[in-house]
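Subject: Structure handover

Hello,

Here is the structure I promised to pass on. Please open it first, then read the notes below it.

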Amino acid sequence: MRGWWQELAGLVLPVDCAGCGAVRVLVCEGCRGALSGAVAGPVRPSPRPEGLPVVRAAAVYEGAVRAVLLAHKERGALPLAGVLGGALAAAVLAGGPGAGPGEVALVPVPSARRQVRARGHDPARRIALAAAGRLRRAGVPARVAPVLGLRRAVADQAGLGARQRRENLAGALAVRRDGVRLTRGSRIVLVDDVVTTGATLAEAARALRAAGLTAGAGAGGAPGAPGAGPGGGLRAAVVAAPADAFVRAPRAGAR
């Protein structure tokens, strides 16, 4: 009910830009530019957690981008999923289509049930659904495969350092019973809204590998295939990452 009401309110009530506050527009042209994927590229947190896949981000996590992500995630501004999904799709495409035939399966990092209840929605899954739609319109077969789940309780990550996050998440994720079937024949891309320390994506990648899922066709990716790397063939894409995590610094003035 909460999610339905938020979506209706977003359609019928005047809104201000979630990024900069410009009046009577959901996301202004300038803030859309910041989420356009113009700076999309590889990111690498430092220190890099063991097993982290090759990760690409569409935007720098600051200013308007941060404001839009938080409005969607924490304040329930559900209509923002469209522009955020477009950014995530740009990050997926920045890595190339991947190796082999078949659909691209976007595997979102799951939220804890208590967080979903508190927020009224699952932000990463909602953004992934919007991204899959964008990819299909771009001619890339894509779907969302929510095959990861939490198998034990974890603490809130806010305020935790890189090592504490790794310890908090170690062994916390697992592939659901039908996960292998749901991803068979697909090129898997892990997706999330933001990467900071990389601990969450590293744990998600560990869970996929433990179930025998990596880059393509629901099995191990071939060495040297697009996206192969230190993460064992898996790829990941996020909407945003800190500026200092980009392997190549974003161009000055890029929005």
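At what angle do α4 and α6 pack, and how far apart are their axes? The angle is about 65 degrees, and the axes are 7 Å apart. Before the rest, one caution: this is a predicted model.

**The overall picture**

The chain has 255 residues, and 50% of them are buried. Its secondary structure comes to 9 helices and 8 strands. Among contacts with a separation of 6 or more, 74% are between residues 24 or more positions apart.

Start with α4. Helix α4 covers residues 81-94. It has 14 residues and spans 20 Å from first C-alpha to last, close to the 20 Å expected at 1.5 Å a residue. Of those 14 residues, 11 are buried. Among them are A81, V83, L84, G85 and G86. The run from A87 to V92 also belongs to the buried set, namely A87, L88, A89, A90, A91 and V92. Just after α4 comes G96, with a positive phi of about 80 degrees.

Now α6. This helix takes in residues 123-137, which makes 15 residues. Its first and last C-alpha are 22 Å apart, close to the 21 Å expected at 1.5 Å a residue. Its buried residues are P123, A124, I127, A128, A130, A131, A132, G133 and L135. After α6 comes G139, and its phi is positive too, near 90 degrees.

How do the two meet? The crossing of α4 past α6 is right-handed. On the α4 side, the contact is made by A81, G82, L84, G85, G86, L88, A89, V92 and L93. On the α6 side, R126, I127, A128, A130, A131, R134 and L135 take part.

**The cores**

In soluble globular proteins, nonpolar side chains tend to be buried together. Here the largest nonpolar core holds 38 residues. L35, L84, L106 and V239 have the most contacts inside it. Helix α4 gives this core its largest share, 7 residues. A separate core has 29 residues, including V107, I188, L190 and A207.

L84 deserves a look of its own. Setting aside neighbours within four places in sequence, L84 contacts L35, V68, L69, H72, I127 and V239. I127 is one of the α6 residues in the helix contact.

**A strand residue to check**

V189 sits in strand β7, residues 187-194. V189 counts as buried because its relative accessibility is 1%. Which residues does V189 touch, leaving out those up to four places away in sequence? They are V92, V104, A105, L106, V107, R235, A236 and A237. V189 and P53 are 136 residues apart in sequence, yet their C-alpha atoms are 9.5 Å apart.

**Cysteines**

How many disulfides does a search of the whole structure find? It finds 0. C28 is buried, at 15% relative accessibility. C31 is buried as well, with a relative accessible area of 3%.

**Loops**

- R24 lies between α1 (2-12) and α2 (29-34). Its phi is positive, near 55 degrees, although R24 is not a glycine. R24 is exposed, with a relative accessible area of 65%.
- P47 lies in the loop between β1 (41-43) and β2 (54-60). The peptide bond from S46 to P47 is cis, with omega near 0 degrees.
- A112 is in the loop between β3 (104-108) and α5 (113-119). Is A112 buried or exposed? A112 is buried, with a relative accessible area of 7%. A112 and G149 are 37 residues apart in sequence and 8.5 Å apart in space, C-alpha to C-alpha.

Best wishes

Key. Residues are numbered from 1 along each chain as its sequence is written. This is a predicted model: local features need pLDDT of at least 70, side-chain atom pairs count only at pLDDT 80 or more; totals for chains, interfaces and linings use all residues. Side-chain values use heavy atoms; hydrogens and water are left out. A nonpolar core is a set of buried Ala, Val, Leu, Ile, Met, Phe, Trp, Tyr and Cys residues joined through side-chain atoms within 4.5 Å. Buried means under 20% relative accessible area, exposed over 50%, partly exposed in between (1.4 Å probe, protein chains only). Helices (H or I, at least four residues) and strands (E, at least two) are DSSP runs, numbered from the N terminus. Contact means heavy atoms within 4.5 Å. The expected span of a helix is 1.5 Å times one less than its number of residues. A disulfide is a pair of cysteine sulfur atoms within 2.5 Å. Axes are lines fitted to C-alpha atoms, for helices over the stretch in contact, and angles run from 0 to 180 degrees between N-to-C directions. A crossing is left-handed if the near helix is turned anticlockwise from the far one by less than a right angle, and right-handed if clockwise.
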